[in-house]
Amino acid sequence: MKFADIEVLDANDPLAKKRELFSLDENTIYLDGNSLGALPKAVKSRINDVVEQQWGRDLIKSWNQHNWIDLPQTVGEKIAPLIGAGPGQVICCDSISVNLFKVLCSALQLNSERSVVLSTEDNFPTDLYMVQGLSDLLSTQRCQLRTVSEEEIASSLDESVAVLMLTQVNFRTGSLLDMQHLTSLAHEKGIIVVWDLAHSAGALPVELDKCNADFAVGCGYKYLNGGPGSPAFLYVAKRHQSTRQPLNGWMGHSQPFTFNPDYQAAESIHQYLVGTPSILAMSAMDAALDVWNDVDMGQVRAKSIELADLFMQLVDERPTLKSLKLCSTRKGNDRGSQLAYSHDNAYAICQALIEKGVIADFRAPNILRLGFTPLYTSYKDIWNAVGYLSEVIESEEFLKPQYNMKAKVT
Ligand SMILES: *Cc1c(COP(=O)(O)O)cnc(C)c1O
């Protein structure tokens, strides 16, 4: 591969202009948008307005005047088309962990004579922790976690399983599960399915309605660029919306402002709201979502696969990078928007790479993880990133002590 070929790829990239919508330092190659999305410029002016005008001057009137009260719903409706959901089924609130608690409770109620929540052993830990906590609360007669490998999912779907809880894209390896196929297999056995879209929403086309999905949760701060700790989202198919969830907060009440002492759940996705939304965070999320206006998810997916394929090809072309072992599949269609390489010194390599302006991340025990965000990553970024990576490995700079001290957040 020659640099001239890379320039052609960038010149023909239909998404190239989207990078202007983001506030990104010229000298930074950001391959970590799968962990914290970059800052859309529109967020800055929006937050400034919310602070100065809405909070600063209009004060409490803003709940009505600036529609603060409707933000969980309006933001949910902006996310819906990105995940193939029709109106009235997505709401933006809380974190994935808390949203999982709510939808798992609903899903277990729909299958109350069964108790097993089936998941994968290498699912993101918080997903498994939430089931363990529910199991402690409800007893194992009502909820027990069973984990299997990704390959064993299909053969483990039997009549003891109440809920199948899967993350569509594996957070370490990036392997992509077949939502359509697994949802329909589970439904044949009367199993309710909960999908975690943390590494799918904004990364690849998702078709929740077409797959007849039951419940889903997803992240605001990864590919949707909502900002650190931004609210997450949840999806409940219309047919399940009369099923209750137990966190009876006042925002989920059918009429919160009657201040009735008795809880009466809203008859819509609104019953999944709990307490007062963070308006600053919700406003940032709302503004961030506008970068998706007229984005074709098919183009995003095609470029995401090409960026990762290019990365792998450039790594393969350099003998000095032989010590990196690919943990992701080479088949683009079976992969999310990231690559994982294992190396005994993955942490230090990642730190030395960051020092050179290439931001990736490390995932225990030994994974260097690289995320590809087609809206703001160019083919040239990939070329340069692999160049820096081979400098770091060839020179063994990563052995320096400063790159080997683990920080709290990796
Ligand atoms: C990032 C991520 C989460 C994050 O959960 P929060 O409660 O929102 O912090 C959950 N699940 C998966 C699969 C993730 O990748």
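This note walks through the ligand site, the salt bridges and a few backbone details of the structure above.

1. A word on the basis. This is a predicted model, in which local features need pLDDT of at least 70 and side-chain atom pairs count only at pLDDT 80 or more, while totals for chains, interfaces and linings use all residues. Residues are numbered from 1 along each chain as its sequence is written, and side-chain values use heavy atoms, with hydrogens and water left out.

2. The ligand shell. Around the ligand sit Ser95, Ile96, Ser97, Phe124, Thr126, Asp127, Thr167, Asp196, Ala198, His199, Tyr221 and Lys222; a residue belongs here if one of its heavy atoms lies within 4 Å of the molecule. Sorted by class, the shell holds 4 nonpolar, 5 polar and 3 charged residues. In that scheme Ala, Val, Leu, Ile, Met, Phe, Trp, Tyr, Cys and Pro are nonpolar, Asp, Glu, Lys and Arg are charged, and the others, Gly among them, are polar.

3. The side chain of Asp127 places an N or O atom 3.0 Å from a nitrogen atom of the ligand. Asp196 has a polar side-chain atom 2.9 Å from a ligand nitrogen, and for His199 a polar side-chain atom is 2.9 Å from a ligand oxygen. On its own the ligand has 390 Å² of accessible area, of which the protein covers 87%; areas come from the Shrake-Rupley method with a 1.4 Å probe, and for residues only the protein chains shown count as cover. The elements giving two or more residues to the shell are α5 (96–110) and α6 (125–138). Helices (H or I, at least four residues) and strands (E, at least two) are DSSP runs, numbered from the N terminus.

4. Asn123 is in the loop between β5 (116–120) and α6. Is this residue buried or exposed? Asn123 is buried, at a relative accessible area of 5%, where buried means under 20%, exposed over 50% and partly exposed in between (1.4 Å probe, protein chains only). Its side chain makes a polar contact of 2.6 Å with that of Thr167, and Thr167 is also one of the residues around the ligand. Leaving out residues up to four places away in sequence, Asn123 touches Leu128, Met165, Thr167 and Phe171, with contact meaning heavy atoms within 4.5 Å.

5. Salt bridges. Side chains of opposite charge can pair when their charged atoms come close. The count is 16 salt bridges, each a side-chain nitrogen of Lys or Arg within 4 Å of a carboxyl oxygen of Asp or Glu. One of them joins Asp294 and Lys18, at 3.9 Å from N to O. This pair links distant parts of the chain, 276 residues apart: Asp294 is in the loop between α8 (279–288) and α9 (297–317), and Lys18 in the loop between α1 (3–11) and β1 (22–23). Asp294 is exposed at 75% relative accessible area, whereas Lys18 is buried at 17%.

6. Further pairs. Arg239 and Asp214 form a salt bridge at 2.9 Å, N to O. Asp214 is buried, with 2% relative accessible area, while Arg239 is partly exposed at 44%. Another salt bridge, at 3.9 Å, is made by Lys331 and Asp334; Lys331 is exposed at 56% and Asp334 partly exposed at 34%. Arg46, Lys78, Asp286 and Asp290 are linked in a salt-bridge network.

7. Pro374. This proline is in the loop between β15 (367–371) and α11 (379–395) and is buried at 3% relative accessibility. Beyond its neighbours within four places in sequence, Pro374 contacts Leu15, Val300, Lys303, Ser304, Leu307 and Ser337.

8. Backbone points to look at. The peptide bond from Ala364 to Pro365 is cis, with omega near 5°, and Pro365 lies in the loop between β14 (361–363) and β15. Asn67, though not a glycine, has a positive phi of about 55°; Asn67 is in the loop between α3 (62–65) and α4 (71–79). Ser139 also has a positive phi, near 85°, and is in the loop between α6 and β6 (144–148).

Methods
Polar contact = N/O pair within 3.5 Å; in protein donor to acceptor, adjacent residues only side chain to side chain.
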